[in-house]
Amino acid sequence: MPASSRTATVFDALGHPPRTEPSAEGTRVTLRLPVTRAIPQLAGHYPGFPILPGVLLIDSVRQAAGFACGAELRLCGIDRARFALPLLPGDELELSLVVTPAADGRVAVRARGTRSDGQTAAELSATLEPVVADA
Amino acid sequence: MLDHSQVRARLRQRPPMLLLDTVREFTPPASLVATKAITGGEDCYRGVADGAGIDGFAYPAALLLESFGQAASLLWSLAELGPPEEVPLMVGLRDLAFATPARPGDLLEHHVRLRHHSGALAEFTGETRAAGRIVLTARSVLVVSRPAASLLPTTPEPVAIEG
Amino acid sequence: MTDIDNSTSTIRAIVADVLELNPDEIDDAEDFVDQYQADSLNLIEIVAQLEKQYQVILPQRELLQAHTVAALRDVVRRHTA
């Protein structure tokens, strides 16, 4: 990764550019996420049986929401997250988010990750806020 | 209580996803304090541009949570909540609050307590402190353990690991 | 039999919370999986909440077919006598 980021990075989930469209509730964002985007992390999680860490799904949602907002976002809280199915190399997830404005400049996000076979693999509802840029 | 070699012996995660250093205290039956030191040499700071301000070095919430989850896994292991050949997987989270982030130089102290245990299921609660502040509060972290063998792909595919 | 009424409404509230439904929407005789698209993790979450609520451990084999509020109430009653 080039030394060009203004904040720490976990991995880059946005290999496929997210699609955004306005919806009644806010902005709907869709991101295709092949599990192999996280190959360096999968080497250690776990050696011999790679499984996508749930926290990388959470970070993928953060990145996709940030793309829609045009701002780097920081996670403030998770109301609920569910990881119903283990995600393995070869799996591809479609992440579908609804991003809505919340109090104090924060944004609320509800996201669902669906595996290629149509099964819901993960769900997340979380609150994020823009990272305040420093000089 | 457990040094880093003993932590490694009980966790299956390896770098870059091994995010726990020691267990400082284990209080039977089921609570512990585990630590991770954050340094500027972490993988997550590799791409930070020269000249970035200190806010750019906020430790990512995803990694903080993974580190907390690994502390819960160690409690699962120390409290013998399941057989060692099983892997505890984080399956559910409720009511987590991330406060002002930790930074390089901070020592994360995860205070984890078991709330409930039944069969393969365990629920943990706790908080993470750094530099005397709370950086994460977690009301509920739900873990289900599965046999490691059941987590292999049914049709094994070779995974290209960049060398 | 107010304790049965109480446990039914408590169990319905727990199921509704896990499935993110309104308690009024849940029919006590309807199967969570068939009717409300519950997945296996939802069933685990429901059992965890019930066990904490009633301070019991519910045997796995009795839960396998207990996918309705009424069936769960029967399992809970057998173990909280």
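**Figure 1. A salt bridge between B:Glu123 and C:Lys52.** The side chains of B:Glu123 and C:Lys52 meet in a salt bridge, with N and O 2.6 Å apart; a salt bridge is defined as a side-chain nitrogen of Lys or Arg within 4 Å of a carboxyl oxygen of Asp or Glu. This pair crosses between chains, from strand S5 of chain B, which holds B:Glu123, to helix H3 (residues 40-54) of chain C, which holds C:Lys52. Helices (H or I, at least four residues) and strands (E, at least two) are DSSP runs, numbered from the N terminus. B:Glu123 is buried, with a relative accessible area of 3%, and C:Lys52 is buried at 18%. Buried denotes under 20% relative accessible area, exposed over 50%, and partly exposed the range in between (1.4 Å probe, protein chains only). The structure is a predicted model, in which local features need pLDDT of at least 70 and side-chain atom pairs count only at pLDDT 80 or more, whereas totals for chains, interfaces and linings use all residues. Residues are numbered from 1 along each chain as its sequence is written, chains are lettered from A and ligands numbered from 1 in the order in which they are written, and side-chain values use heavy atoms, with hydrogens and water left out.

**Figure 2. The interface of chain B and chain C around B:Arg94.** B:Arg94 forms a salt bridge with C:Asp17, the closest N and O atoms being 3.1 Å apart. The pair runs from strand S3 of chain B to helix H1 (residues 2-19) of chain C. B:Arg94 is buried, with a relative accessible area of 15%, whereas C:Asp17 is partly exposed at 39%. In total, 10 residues of chain B are in contact (heavy atoms within 4.5 Å) with 10 residues of chain C. The area buried between the two chains is about 810 Å², of which carbon and sulfur atoms give 57%; buried area is the accessible area (1.4 Å probe) that two parts lose on being put together, summed over both. B:Arg94, B:His116 and B:Ser118 supply 48% of the area that chain B buries against chain C, more than any other three residues.

**Figure 3. The interface of chain A and chain B.** The contact takes 43 residues from chain A and 49 residues from chain B. About 3600 Å² is buried between these chains, and carbon and sulfur atoms give 63% of that area. In chain A, the residues that lose the most area to chain B are A:Tyr46, A:Phe49 and A:Val55, together 16% of what that side buries. S3(A) gives the most to the side of chain A that touches chain B, with 10 residues.

**Figure 4. Pairing of strand S3 of chain B.** Strand S3 (residues 86-98) of chain B is mostly covered, 11 of its 13 residues being buried. Two strands pair if DSSP finds at least two bridges between them. S3(B) and strand S3 (residues 73-83) of chain A run antiparallel and are joined by 5 bridges; in S3(B), B:Gly92 is the bridge partner of A:Arg82. A further 11 bridges join S3(B) to strand S6 (residues 133-147) of chain B, also antiparallel, with B:Pro88 opposite B:Ser145.

**Figure 5. The largest nonpolar core and B:Phe124.** The core has 81 residues, and those with the most contacts inside it are A:Ile78, A:Leu97, B:Tyr59, B:Leu93 and B:Phe124. A nonpolar core is a set of buried Ala, Val, Leu, Ile, Met, Phe, Trp, Tyr and Cys residues joined through side-chain atoms within 4.5 Å. Helix H2 (residues 61-78) of chain B gives the most to this core, with 12 residues. Leaving aside its neighbours within four places in sequence, B:Phe124 is in contact with residues including B:Ala72, B:Leu75, B:Trp76 and B:Val143.

**Figure 6. B:Thr125 in strand S5 of chain B.** B:Thr125 is found in strand S5 of chain B and counts as buried at 15% relative accessibility. A polar atom of the side chain of B:Thr125 lies 3.0 Å from the backbone oxygen of B:Ala138.

How values were computed. A polar contact is a pair of N or O atoms within 3.5 Å; within protein, one must be able to donate a hydrogen and the other to accept it, and residues adjacent in sequence count only if both atoms are side-chain atoms.
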